[in-house]
Amino acid sequence: MRDVAVVGVGITKFGELWKDSFRDIFVEASLKAIENSGVDHIDSMYIGTMSSGLFVGQEHVGAVMADYLGVAPIPATRVESACASGGAAFRSAFFEVASGHSDIVLAGGVEKMTDGADVTEALATAADQEYEVYHGITFPGLYAMIARSYMHDYKTTREQLAAVAVKNHKNGSMNPNAQFRSPITLEQVMKSTMVANPLRLLDCSPVSDGGAAVILASLDVAKKLKRPFIKIKASSQSSDTIALHSRESLTSLKCVSVAAEKVFKQAKLKPKDISFAEVHDCFTIAEVVVTEDLGFFEKGKGGEAAEKGMTAIDGKIPINTSGGLKSKGHPVGATGIAQIIECYEQLTGQSGERQVKKAKYGLAQNMGGSGASCIIHILEAV
Amino acid sequence: MYGIVGYGSYLPRYRIKVEDIAKQWGADANALKRGLLLYEKTVPGLDEDTITISVEAARSALQRAKIDPQKIGAVYIGSESHPYAVKPSGTILIDALGIGPHVHVASYEFACKAGSEAMYVAYSLVKAGEMDYALGIGADTSQGAPGDALEYSASAGGAAFIMGKEKVVAEILFTHSYTSDTPDFWRREHEFYPRHAGRFTGEPAYFKHIYNSGKSLLEKSGMIPSDFQFAVFHMPNGKFPQEVGKKLGFTKEQMEVGWIVPWMGNTYSGSSPTGLAAILDVAKPGDKIFMVSFGSGAGSDGFIFQVTDEIEKVRNLAPKLRDMLDNDKIYLDYGQYAKFRKKIILNE
């Protein structure tokens with residue numbers, strides 16, 4: 001296995017992109033990434049998208065995107081792991097370059113969620129259809145159960161969950177591509193509409209359209225391009241029971257701790273070595289639990305950490321400097337790639353107002369469903 | 001001088017509160033009231049429909065215009081809830097009011113802007129010299145599917161305007177329409193309730209069309225928002241018209257009189273026309289009124305009116321919108337509402 005670099009990135013605005021179709025969004029992000037990297041071709045590509053079939057009625061996404069990007073006949077494969085589809089596409093591209101099979105590979109993610117489909121129903125297909133969805137549960141309900149159990153066990157307060165949303169909106173207000181660029185107050189979160197007790201509207205990531213793409217290349221190619229690049233230090237993936245009720249614990253996400261252990265071992269690093277992390281905050285409770293399972297905080301201390309500003313840009317471990325899924329938006333398939341893009345920008349010093357000082361290692365944690373799949377990457381500045 | 005010579009409006013007496021609808025569906029009434037600025041809506045009685053509402057409004061318009069109904073050369077009713085799929089609403093109306101039979105009659109449909117469409121064509125025919133008077137009406141008993149967001153707003157009411165050239169109470173100075181193929185809200189044949197594309201009905205539909213129609217109307221007239229005493233826009237909820245008005249440069253004070261939606265709901269084709277009627281009920285000679293409708297699909301008709309001295313002579317000749325809105329209300333619970341709106345299906 002050889003070293004692999006991320007040599008260029010491209011992202012669309014996240015939000016309700018009324019004028020852009022599924023394919024338009026992907027092509028825009030990909031062309032930006034290709035131009036940003038300076039490569040003159042790509043050998044193959046992987047596209048993460050969760051549910052284009054249900055959202056816009058389009059499957060066979062690899063071929064569609066190769067056609068409209070104008071890169072056919074190169075190999076183009078759609079990769080799916082629910083909300084972790086983007087992370088999975090990136091990992092597939094990483095392996096293809098690391099193995100020496102290809103030198104330059106595009107990894108992209110895209111979702112078009114606002115074209116009229118029943119979004120909650122489409123997203124619920126990432127849960128257990130037979131044992132969860134059949135009984136009427138949806139994702140806000142599943143994460144609400146995690147939150148209730150967690151608040152019971154660790155005496156975490158509602159305000160501590162709200163602090164996560166406040167912090168992510170503040171970060172997102174500095175991200176030009178974020179869906180919501182308005183800072184919010186603790187009071188606004190606490191008073192927002194109840195979705196699934198105890199989770200309120202401002203605890204939940206939004207429905208979004210958006211696309212993101214990155215170009216991966218061998219280190220030799222990266223050096224020749226003479227543009228900023230970062231190195232992929234480690235990559236891990238894990239799975240867990242599809243149904244929440246089958247887990248040993250409701251307050252810990254085993255897929256995260258298993259993947260974290262592997263990725264740190266591979267990178268020969270410890271959580272304290274990480275400069276900042278992009279984590280999968282589909283709901284505020286998810287960020288709290290994930291930051292603990294990644295080893296940044298003791299179990300039960302994640303909420304307090306957010307409340308005390310330890311996860312702010314100038315905190316001990318900045319979390320979701322991009323604004324996270326909460327504020328930046330969550331076009332499901334694009335999310336994993338957008339996390340990598342935030343890492344790229346931070347590690348190459350291109351994050352402007354939200355730049356983390358002396359950033360050396362960035363971690364991106366992408367998760368599917370209620371934690372049935374998890375993909376983690378550690379990226380390194382060069 | 002061409003414009004309105006007589007106007008009238010009508011609202012049913014029945015109401016249902018947002019709380020009662022929200023309770024039925026387990027929704028958060030306070031959040032809805034805060035988000036949509038809606039508190040209650042009108043409900044048509046069991047024997048009321050678009051035609052009866054049109055007749056009531058047109059009767060008031062005739063009372064104010066004080067003209068011989070026989071002189072009306074055209075009758076247009078704009079609605080998305082014409083009682084018949086095939087059979088014009090206007091034929092029943094002319095028979096009830098003694099208009100015709102030497103009269104041109106048509107039913108118009110353009111989601112929520114069918115009323116302003118009827119007004120525009122009626123005005124144009126009079127201005128073209130084809131006839132002395134023409135009647136344009138916007139009325140609806142609009143439909144929202146049970147449990148849908150529209151159920152909180154879809155209400156009933158209408159307004160009628162007789163256009164003419166003598167004894168004009170509000171002269172029409174300028175008009176401007178803006179239309180594009182924008183599928184934000186629709187109802188196909190054999191479907192009970194309209195469907196809509198969520199927030200797509202906002203920015204690319206409502207806001208884009210009203211803003212562009214309004215902006216062009218201002219440019220065409222050479223006027224600026226501060227030239228107007230009143231402004232009224234289509235009112236699908238309480239929030240949208242205030243937002244679009246602000247964007248065009250109008251103040252809350254200019255919009256206040258016509259902003260009747262919080263207590264009336266969205267009367268669809270009757271929405272901005274009833275708002276206009278509420279303004280005419282209080283406007284003074286010389287006042288200028290800015291109005292832009294919106295219909296999904298999508299389009300907007302904009303009008304600039306200037307009130308004349310005649311207004312003082314006619315406004316007390318028929319019921320006023322605010323009186324109908326504020327008085328003699330009969331509140332229904334959800335069960336009664338479901339019965340009134342024929343949502344309870346019985347065997348033959």
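**Exercise 1.** State which residues of the largest nonpolar core touch the most other members.

*Solution.* The largest nonpolar core has 126 residues, and those touching the most other members are Val6(A), Ala107(A), Val214(A), Ile215(A), Leu216(A) and Ile337(A). A nonpolar core here is a set of buried Ala, Val, Leu, Ile, Met, Phe, Trp, Tyr and Cys residues joined through C-beta atoms within 7 Å. Buried means that 20 or more other C-beta atoms, placed from the backbone, lie within 10 Å of the residue's own. Helix α14 (residues 332-347) of chain A gives this core its largest share, 9 residues. At least three residues come from each of domain 1 (4-118 + 207-230) and domain 2 (136-202 + 233-381) of chain A, with bounds from an automatic or database domain assignment. Apart from this core lies another, of 99 residues, including Tyr10(B) and Phe230(B).

The model is predicted: local features need pLDDT of at least 70, side-chain atom pairs count only at pLDDT 80 or more, and totals for chains, interfaces and linings use all residues. Residues are numbered from 1 along each chain as its sequence is written, and chains are lettered from A in the order in which they are written.

**Exercise 2.** Give the strand order of the 9-strand open sheet in chain A and identify its edges.

*Solution.* The order is β3-β2-β4-β7-β1-β8-β11-β10-β9, with mixed pairing. Strands are DSSP runs of E of at least two residues, and helices are runs of H or I of at least four, numbered from the N terminus; two strands pair if DSSP finds at least two bridges between them. β3 (76-79) and β9 (276-278) of chain A each have a single partner strand, so one side of each lacks a neighbour in the sheet. From one strand to the next the twist averages 25°. Within the sheet, β2 (residues 44-48) and β4 (residues 104-111) of chain A are parallel and share 5 bridges; Met45(A) is opposite Leu106(A) in β4(A).

**Exercise 3.** Describe the open sheet of 3 strands in chain B and the helix lying across β2 and β3.

*Solution.* The order is β3-β2-β14, again with mixed pairing. β3 (40-43) and β14 (330-331) of chain B are the edge strands. β2 (residues 14-17) of chain B runs antiparallel to β3(B), joined by 4 bridges, and Ile16(B) has Lys41(B) as its bridge partner. Helix α1 (residues 18-25) of chain B lies across β2 and β3 at about 55° to β2(B). Angles run from 0 to 180 degrees between N-to-C directions, with axes fitted to C-alpha atoms, for helices over the stretch in contact.

Conventions: Contact = placed C-beta atoms within 7 Å. Buried ≥ 20, exposed ≤ 12 C-beta atoms within 10 Å, placed from the backbone.
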